[in-house]
Amino acid sequence: MSKVSSQDLGHQPIGKLLIKQAVPASIGILVMSLNILVDTIFVGQWIGPTAIAAINVVLPVSFFIAALGMAIGIGGSSIISRALGADNPIKALKTFGNQITLTAIVTILFVVFGLLYINDIVPAFGGKGAIFEPARTYYRIVLYGVPILAFCMMGNTVIRAEGKPKFAMYAMLFPSVGNLLLDVLFIKVFDFGMAGAAWATTGSYLLCFLFILWFFLSKNSELKIDIKHFGLDLPIVKEIGSLGFVTLARQAIVSVTYLLMNNILFDLGGETSVTAYAIVGRMLMFALFPVYGITQGFLPIAGFNYGAEKYKRVREVITTAIKYGILLCAVIFVFLMIFPDAITKLFTQDAEVLKETPSAMRWVFAATPIIGIQLIGAAYFQAIGKAIPALLLTLLRQGLFFIPLIFILPKYYGALGVWMAFPISDVLATIVTAYFLQREVKLNLMTKADK
């Protein structure tokens, strides 16, 4: 795979360029997802099914704080991609410096808050009954490493904005492999239980951080900042905030969804239903890795070419990304419809969980073939700096459709109603996103002339 520089984003053929950007992103996401998947399998087999539920309770809290870093990263990376496309390296450097400062300030404040109110937060997110104590143990240790994870997620998006997808992939590979090795050491060998799983996760964050730090200090990065770039610049902070808020709002909704799902399912089916959701949630992270890879590859290409006023290339990358996304989603759909029982048995041998999870998995992934349209459509508006439509389309699926459905449908269908909410919200969100994306292309991109 040949090296891709930031300027290549505006010149290489779109199909070839998207593959070069998306394949490393997909591999990185795959390995990271496999890490989460295998980590869950280790926890389920070596500690027990309650431990899986405990981790699922903690994830929305830690992911939300880490998402602060991702939000700052994606918001700033959109600016960096467009600045590099417009040949404005000074703005790119200042933006990167501001990203680092903001990530440090915001994530540390949230971690302090998270530790102070640990006994209130854990049960609020579904850590009740037998789940509470292992969830509390895991939560406390993982939270120590979350600021490091936030820096990793921020830095990874900036690496992609530079057009260096292979290095972004490596940044995801090292901690993933390290986490699995530390899992074996801390859980299997030393028998540290939940604390061992948590320290393995935190240690993996540190590995990722060290690699990203090396990248930006090495000759591989174009962004060589100095002390003057760390001072906050209000216009840049506002732009990072408006675009990054899209990502933050998405993760906030995900965290709220986890909170609601864990509590609703606990009331409907106890620890068994929460564990089933934890397994299905891992598959949501893992199975869709190729589509998320395409979305990650799409962002810098769309942003750079929009900044360079090459609108024909922007239209082409939208079409190409959606075609690839639909094809990959169709393959994923077939696989998950055929093998849900075998997948569930990888995580646990608990009879009740084995009974409930396969059916839930089929419902959750029923609309998978079309979700690429929704992901690419929302990502497009973020890539070109249009924060409001990006925010609305991002919140559409879970905020407008999914959350109301998980309150309404269980009244008529019980726990089945919760699982039915997934495909219904996917279909509705995709229809709305397709309409607005088509409207944007027709009214904006097709009326502007390329440079």
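This is a predicted model: local features need pLDDT of at least 70, side-chain atom pairs count only at pLDDT 80 or more; totals for chains, interfaces and linings use all residues.
1. I431 sits in helix α16, residues 415-443 (helices are DSSP runs of H or I with at least four residues, numbered from the N terminus). I431 is exposed, at 54% relative accessible area (exposed is over 50%, buried under 20%, partly exposed in between, with a 1.4 Å probe and protein chains only).

2. Numbering runs from 1 along each chain as its sequence is written, and side-chain values use heavy atoms, without hydrogens and water.

3. Helix α16 also holds E440, which pairs with K386 in the loop between α13 (371-383) and α14 (387-408), 54 residues apart. The contact is a salt bridge with closest N and O atoms 3.3 Å apart (a side-chain nitrogen of Lys or Arg within 4 Å of a carboxyl oxygen of Asp or Glu). E440 is buried at 10%, whereas K386 is partly exposed at 28%.

4. The structure has six salt bridges. Among them, R82 and E239 meet at 3.3 Å, N to O. R82 is in helix α2 (residues 49-85) and E239 in helix α8 (residues 234-287), so this pair ties together parts 157 residues apart in sequence. R82 is buried at 16% relative accessibility; E239 is partly exposed at 21%.

5. E239 also bridges to K91, with closest N and O atoms 3.6 Å apart. That pair links helix α8 with helix α3, across 148 residues. K91 is partly exposed at 31%.

6. The largest pocket holds about 290 Å³ of space (a pocket is an open set of points on a 1 Å grid over the protein atoms alone, where a 1.4 Å probe fits, with protein on both sides within 12 Å along at least five of seven lines; lining residues have an atom within 4 Å of a point). Its lining has 14 residues, with F96, I100, L213, F216 and I225 nearest the centre. Elements giving two or more residues are α3 (89-116), α5 (132-161) and α7 (193-217); α7 gives the most, five.

7. Helix α6 (residues 165-189) supplies the largest share, three residues, of a nonpolar patch. V184 is in helix α6 and is partly exposed at 33%.

Methods:
Grid points are joined across faces, edges and corners, and a volume is the space filled by probe spheres set on the points.
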